[in-house]
Amino acid sequence: MCARNTTNLTNYFSGAKQSQQLSEAEQEIQQLRAEIEELRDKNSGELERQLEELRTQLQSQIGILSIPIEQIEPNIEQPRQTFLTESLESMSRSLASDGQLQPVILIQRENHLLIFDGERRWRSAKALGWQTLEAVIIPEPTGLHRKALLTSLHREDLNPLDKAEAIARELSTIIGLELQDIPRILSTVIRRLNSQKRITSLVDLITADAKKQEQELESLDLSDSERAILSLLLDLQLNPASIDANIFPMLSLAEDLKLAIRAGLKGVHALALQKLSAKNLGLSEQKAKSIREETTHKVIVEKLSVVATRKLVAEVIASESKLAVTKNTKKKAVSQASNRLQQLSLELLKQANPAELTELQEVLRHKLIEIEKVLKQN
Amino acid sequence: MQIRLAVISNAGGSGKTTLSVHLAYDLAKRKYNVALLDLDPQGSLTLFCGLNPPEPEQTLAGVLKDKFDGVWPLTPCWRQYTNNVVVCQGGMVLTQTADELVLHKRGAYLLADCLTDYPLVHDVVIFDCPATLGPLPLMALAACTHIIIPVQLEPKSIQGAAHLLEWYYYHCKYLRLNPTPEILGFVPNQYDVRRSTHRQMLAGLPEQLQHMKIRAFPAIRDSAEFVNASGQGLPLHIYRPSHPAKDDFKETTSHLVTLIGKPKTTKKTK
């Protein structure tokens, strides 16, 4: 009985209990909402502080800051991870002699200043014992790694033609040599040093200090202009052998190829296309130019590789020389006919009968008219 | 802190008026000022307090009129015995009030508005509600700080009280009562110790309420003297001062006294 009554009571109150639970749950929700509101209110101060910090950061971004080197950290996500000692040494030399030319680019990540661009400068400056580096701070780009990769891959270096012209101009201005003489002088000295097997010691000088460079150049038995050119190239941390082999050849490119380089054609491709010269093609300068332009267009449009470009150039040269052979054959027919006519001596003509002679006369008269026509057209 | 106690049940004869009257007298004996507000069209308080039937304007219905001037029609009762209890009488006119409430823009909040605009100074205001869960008890719910639920130890009454709880939770939310009135507790009424169902119900009830963290006050015993006392318009304390049943209200009264004396929230104004 008792148990049954208790059960009855439980049944009576089940609805009330549900109502109560619902009400409590709703109250809890309301309380949580209130807490969220409270937290929001509290956090608004924190948010304000963060905004202020951001504002300061933004303001500082307008100018170049002097940042203590110790505060700067390399970005482990950056694609370039290899820093050759020579490369760092030459940068150190540059920093020591000319100072920091460009600010490094840093990104602010929480409390860290990470290098977005300029790790080589940072390492070199550190090695020199510098305390600060000039830097600009940018907000962290989204997808940092990808951006850093793109920065590395698509960094627009000077194209080799611009580079060649700039270097030649610099050498000409400083040393006082004629612009067109410079590549020849460099080429001569490089060839000589190569044959003397002393080119390696020259290349080693790129990272050496000025005094060592001077001493070494002294021992190479150079003319004044040769020495001046090599000294200046080394001072610019350029490899004279590489300039001779890769950069200065750009200066002697045909004008149409120079234009193509300025429009985006790669230096190596231009050098390959340069083979399509009047001499190699056995054609006039004008015809060679039009073939070269046509081929260059094909290389650009079809985005041919260096290998494919070289192959194409070889094919064009081959087909042109075949045409030349055919032309030569035709040329021969005329001269052969001419030779044969010369062989018709007066004695032979006297021995011939009048009908034969009249026929020859008719043929010759006819041919003469054609020759005159052709000559007139040319 | 002023306690505004709504005495509500969802069944007739559960002892609402008996509880209201005896709590009022007990509190008055302890020097607390009590206002009894009769929200019941039956006007039982008029009977239980030995008052004359009022003019309709002299009832709570007059207070709930829009043209109420702020002068509460409060009638002192048991004047020979205490100065601390007044009654705002009810009556049939309240049925009309209940009908009008439905259309009134502030319907459920009308009593609360009156108490805000024309506050009663009493320590305890007791709302004696009608037996149904209509607009009048709803108004009491919106105006009270606490509710107390008298219940007979019988299935019908207990089931009604359980439904009352559902009503309470629903309407507290629906009326957006803030703070929500607190359930002071259940008061088992007309307990007859000789009846086994009463004993069993009384034994089972606290457990059910405990689940819901609702207090069960000591039972008020069943006695014919309550009926006799009400017939004379007196509380048992006056009608039969030596009757032990009058002590059955003690604990509930004490609890109320604690609430009055130790306010839960101390609001100090500058």
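Reply: Let's start with strand 1 of chain B, residues 3-7: four of its five residues are buried, so the strand is largely enclosed by the rest of the structure. Keep in mind that this is a predicted model. Chain B averages a pLDDT of 93, with 97% of the residues scoring at least 70. The stretch to treat separately is 263-270 of chain B, where the pLDDT is below 50 and the model has three contacts beyond near neighbours in sequence.

Back to the strand. Strand 1 of chain B runs parallel to strand 5 of chain B (residues 124-128), and five bridges join the two. Strand 6 of chain B (residues 146-152) is also parallel to strand 1, this time with three bridges. B:Leu5 takes part in both pairings: its bridge partner in strand 5 is B:Ile126, and in strand 6 it is B:His146.

Now for a helix in that chain. Helix 9 of chain B (residues 224-232) has B:Glu225, B:Phe226, B:Ala229 and B:Ser230 as its buried residues. They sit on the same side of helix 9 because they cover an arc of only 140 degrees around the axis. That buried set packs against helix 1 (16-29), helix 2 (44-48) and helix 10 (236-239) of chain B. On the other side of helix 9, B:Ala224, B:Val227, B:Gly231 and B:Gln232 are exposed.

The two ends deserve a look too. At the start of helix 9 of chain B, a side-chain oxygen of B:Ser223 comes to within 3.1 Å of the backbone nitrogen of B:Glu225. After the helix comes B:Gly233, with a positive phi near 75 degrees.

Conventions: Residues numbered from 1 in each chain as written. Chains lettered and ligands numbered in written order. Predicted model: local features only at pLDDT ≥ 70, side-chain atom pairs only at ≥ 80, totals over all residues. Heavy atoms only, no water. pLDDT = per-residue confidence, 0-100. Contact = heavy atoms within 4.5 Å. Buried < 20%, exposed > 50% of the residue type's maximum accessible area, 1.4 Å probe, protein only. Pairing = 2+ DSSP bridges. Arc of directions from axis to C-beta. Polar contact = N/O pair within 3.5 Å; in protein donor to acceptor, adjacent residues only side chain to side chain.
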